[in-house]
Amino acid sequence: QVRPNTICYTKTVGIYTASGHWPLALDVFNEMCLKQMSPGQNTYAEAISVCEESGNWRFALEILERAVLQRSMPNCHSFQMALKACSRGQAWQAAVAQLQRMASVRFNPDSVDFYTVMDACVQAQNWQAALDVLMRMRAARLQPAC
């Protein structure tokens, strides 16, 4: 009997995500975690991507936190997808917090990350927060695109 491994679970999450069946993708990810399998960076990134597509920003951040706690250091893609999930959910405060968190785990946010956070602020109609993020972007010596 063949037993599913991390690769099988990751591929299954990816297939469900690509076909638009994000609830099933999250179910597979949760099953993997319940079976005490150790998801790798790609599995976490895939699961966070599912959350971004579904706008489930809370679960995206939960998965990101789980990755950090499991010492399976999230990659840049994971952070970017979590930021996009926050933007879709108009969760500007969570997006700002994740932007700060990136630096604490040794990722330097790039201009795309800053734009995504600014978009979350704009979606929530919080112009002051968007301007604050723009100022942080300039302080990081990143140039806004024209």
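Guide: A salt bridge is a side-chain nitrogen of Lys or Arg within 4 Å of a carboxyl oxygen of Asp or Glu. Keep in mind that this is a predicted model.

Visitor: What makes Glu 52 and Arg 88 a salt bridge?

Guide: Their side chains come to 3.5 Å, N to O. The cut-off is 4 Å, so the pair of Glu 52 and Arg 88 qualifies. Glu 52 belongs to helix H3 and Arg 88 to helix H5, so the pair ties together parts that are 36 residues apart in sequence.

Visitor: Why is Glu 52 called buried?

Guide: Its relative accessibility is 11%, and buried means under 20%, so Glu 52 counts as buried.

Visitor: Why is Arg 88 called exposed?

Guide: Arg 88 has 51% relative accessibility. Exposed means over 50%, so Arg 88 counts as exposed.

Visitor: What makes Arg 101 and Glu 65 a salt bridge?

Guide: The closest N and O atoms of Arg 101 and Glu 65 are 2.6 Å apart, which is within 4 Å. This pair links distant parts of the chain, with Arg 101 in helix H6 and Glu 65 in helix H4.

Visitor: Why is Arg 101 called partly exposed?

Guide: Its relative accessibility is 21%.

Visitor: What covers the buried residues of H3?

Guide: The cover includes helices H1, H2, H4 and H5. Among the buried residues of H3 are Tyr 44, Ile 48 and Glu 52.

Definitions and conventions:
Residues numbered from 1 in each chain as written. Predicted model: local features only at pLDDT ≥ 70, side-chain atom pairs only at ≥ 80, totals over all residues. Heavy atoms only, no water. Buried < 20%, exposed > 50% of the residue type's maximum accessible area, 1.4 Å probe, protein only. Helix = DSSP H or I, 4+ residues; strand = E, 2+ residues; numbered from the N terminus. Contact = heavy atoms within 4.5 Å.
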